[in-house]
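Take a look at the model below.

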Amino acid sequence: MIKPSSAFDALLPKRFERCQTAEAFAPSNIALSKYWGKRNRPHNLPTNSSLSISLGKLGTHTRIEPASRDVLLLNGAEIDPQSPNQSQSALFSRTFDFVNQFRRGQDFPLLISTVNNIPTAAGLASSASGFAALCKALCGAFALDLDDKALSVLARLGSGSACRSLWQGFVHWQVGTRDDGLDSHGIPIESDWQDLRLAVVLISTQAKALSSTQGMNQTVATSPLYANWAKTAEADVATLRHAIDTQDFDFLGKTSEANALAMHATMLAARPAVWYVLPESVAVWQVVWALRAQGLALYFTMDAGANVKLLYRAQDQTTVQNALQSALSAHEILWVNPWQS
Ligand code: PMV
C-alpha cells in the first residue's frame with residue numbers, strides 16, 4: 001500500500017538545508033461543484049472532480065519562524081496540545097501531524113502563527129485556506145523551490161479542499177487516477193469574469209459538531225444515493241466549466257445551487273442522516289427563491305455548515321443588498337469580491 005508520506009518523498013528534497021522566517025497568504029474557496037467523499041481516505045483522494053471560486057482577501061495568513069519547541073498560535077492565542085477542549089488539541093495535532101510529514105524526521109522546531117480573517121470551522125473553508133497557507137509558508141521557511149501544482153498535492157493531504165486554495169479565481173480539482181495522488185490537484189481556470197460576486201449569510205459561527213471527514217465517510221458508507229451523487233458532481237464540473245467559458249451567469253448559478261442541494265440530499269439519505277442545515281439556512285433558501293421568482297439573478301450554495309453563500313452579479317449589488325437587508329435583517333452578511341486580493 002502506498003503511504004501518504006510518499007508524496008512528500010516524491011516532491012521534497014531529502015534534507016532541508018536551513019530554516020528561516022516565512023509568511024504566506026491563501027484565500028478560502030467555495031466549491032460550486034463539491035467534493036463530498038474520498039476514494040482513498042489517508043491520501044484525501046476524491047471520488048469526483050470539483051470546481052471552486054476563491055474568496056479574494058478572505059482567508060489565512062500564516063507566519064513560520066524557527067523556535068526551540070513546536071508552538072501553534074491561532075489568531076494570536078497559543079493552542080494547548082493538552083487542552084481538554086477537544087477542538088484545540090485536535091487542531092494542534094492535525095497541524096503538527098502534517099508538519100511532521102513535511103519535515104520527515106528533520107529537527108526543525110517551529111513557531112507557527114496562523115490568522116484567519118474568516119470564522120474558523122464554520123463551513124467557510126478555513127481548513128482549506130489554512131493548509132494551503134501552511135504549505136506555502138513551509139515552502140518559504142525551508143527555501144524550497146516548489147511549483148503551485150506540487151503545493152496543491154501536498155495541501156490536499158492536509159485537507160482535501162485545500163488543494164483548490166493555492167490560486168485566486170476559479171479552480172478545477174481534477175480527480176486523478178494515480179494511487180499516489182500525484183495527479184489529483186488543483187488547476188486554475190483562466191477567466192476574467194469580473195462581475196461575479198459572493199455574499200456569505202452568517203447563520204452560525206460555532207465549530208461544527210461533525211467534521212467534514214466524518215460526514216463524508218458516513219455518507220459514502222451508508223447513503224443509497226451516493227453513486228448518483230458522484231456522477232452528478234462530475235457532470236456538474238463540466239457544465240460549470242462551460243458556464244465559465246461563456247460567462248453564462250444563470251447557468252453557473254443554477255448548476256451550483258442544484259449541486260449543493262444534491263450533496264445535502266445525499267447526506268440526508270445517509271443512515272443515520274448527516275445534516276448541517278439549520279431552519280435559518282432553509283429560510284435563506286426561501287428568500288433566494290422568492291427574489292428569483294421576482295426576476296433577480298440570485299443563487300445559493302452551502303457546505304458542511306449552516307452558513308449560506310450567495311452568488312450574484314456586481315450590476316445587481318444595490319438591489320441584492322437592499323432586498324437581503326430587509327428580508328434577512330437578523331443575520332450578518334459578508335460581501336465578497338472574489339477578484340479583490
Ligand atoms: O476539505 P474538507 O475535508 O474540509 O471538505 C470540504 C467539503 C465541502 O466544503 C463541503 C465541499 C468542498 O468541495 O469544499
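Arg 292 counts as partly exposed, because its relative accessibility is 25% and the buried class ends under 20%. This comes from a predicted model. The partner of Arg 292 is Glu 257, and their side chains meet in a salt bridge, 2.7 Å from N to O. The bridge links distant parts of the chain. Arg 292 sits in helix α8, residues 279-293. Glu 257 sits in helix α7, residues 249-268. Glu 257 counts as buried, at 5% relative accessibility.

Elsewhere, Glu 23, Arg 63 and Glu 65 form one network, joined by salt bridges that share partners.

Side chains of opposite charge can pair when their charged atoms come close. The whole structure has nine salt bridges. One of them joins the side chains of Arg 104 and Asp 9, at 3.8 Å from N to O. Arg 104 lies in the loop between α2 and β7, and Asp 9 in helix α1. They are 95 residues apart. Arg 104 is partly exposed, with a relative accessibility of 22%.

Asp 303 and Lys 34 form a salt bridge too, with their closest N and O atoms 2.8 Å apart. Asp 303 is in the loop between β11 (299-302) and β12 (308-313), while Lys 34 is in the loop between β1 and β2 (38-40), so the pair ties together parts 269 residues apart in sequence. Are these two residues buried or exposed? Both Asp 303 and Lys 34 are buried.

## The nonpolar cores

The largest nonpolar core holds 42 residues. Phe 98, Phe 102, Leu 138 and Phe 142 have the most contacts inside this core. Several elements give two or more residues to the core, including the helices α1 (5-11), α2 (86-103), α3 (126-141) and α4 (148-158). Strands contribute as well: β1 (22-33), β5 (71-74) and β7 (110-116). Which element gives the most? That is α3, with nine residues.

Now follow Phe 142. Beyond its neighbours within four places in sequence, Phe 142 is in contact with Phe 16, Arg 18, Cys 19, Phe 102, Arg 103, Phe 108 and Leu 110. There is also a second, separate core of 24 residues. Among its members are Leu 32, Leu 240, Phe 249 and Leu 311.

## One buried cysteine

Cys 139 has its place in helix α3. Why does Cys 139 count as buried? Its relative accessible area is 8%, and buried means under 20%.

Which residues does Cys 139 touch, not counting those up to four places away in sequence? They are Phe 102, Leu 144, Leu 146 and Leu 151. Ala 24 is 115 residues from Cys 139 along the chain, yet their C-alpha atoms are separated by 9.5 Å.

## Two helices cross

Two packed helices are described by the angle between their axes and the distance between the axes. The axes of α2 and α3 come within 12 Å and cross at roughly 35°. Their crossing is right-handed.

Both helices supply residues to the contact. From α2 come Arg 94, Thr 95, Phe 98, Val 99 and Phe 102. From α3 come Ser 127, Phe 131, Leu 134, Cys 135, Leu 138 and Cys 139. Sorted by type, the contact of α2 with α3 has eight nonpolar residues, two polar and one charged.

Notes. Residues are numbered from 1 along each chain as its sequence is written. This is a predicted model: local features need pLDDT of at least 70, side-chain atom pairs count only at pLDDT 80 or more; totals for chains, interfaces and linings use all residues. Side-chain values use heavy atoms; hydrogens and water are left out. A nonpolar core is a set of buried Ala, Val, Leu, Ile, Met, Phe, Trp, Tyr and Cys residues joined through side-chain atoms within 4.5 Å. Buried means under 20% relative accessible area, exposed over 50%, partly exposed in between (1.4 Å probe, protein chains only). Helices (H or I, at least four residues) and strands (E, at least two) are DSSP runs, numbered from the N terminus. Contact means heavy atoms within 4.5 Å. A salt bridge is a side-chain nitrogen of Lys or Arg within 4 Å of a carboxyl oxygen of Asp or Glu. Axes are lines fitted to C-alpha atoms, for helices over the stretch in contact, and angles run from 0 to 180 degrees between N-to-C directions. A crossing is left-handed if the near helix is turned anticlockwise from the far one by less than a right angle, and right-handed if clockwise. Ala, Val, Leu, Ile, Met, Phe, Trp, Tyr, Cys and Pro count as nonpolar, Asp, Glu, Lys and Arg as charged, and the others, Gly among them, as polar.
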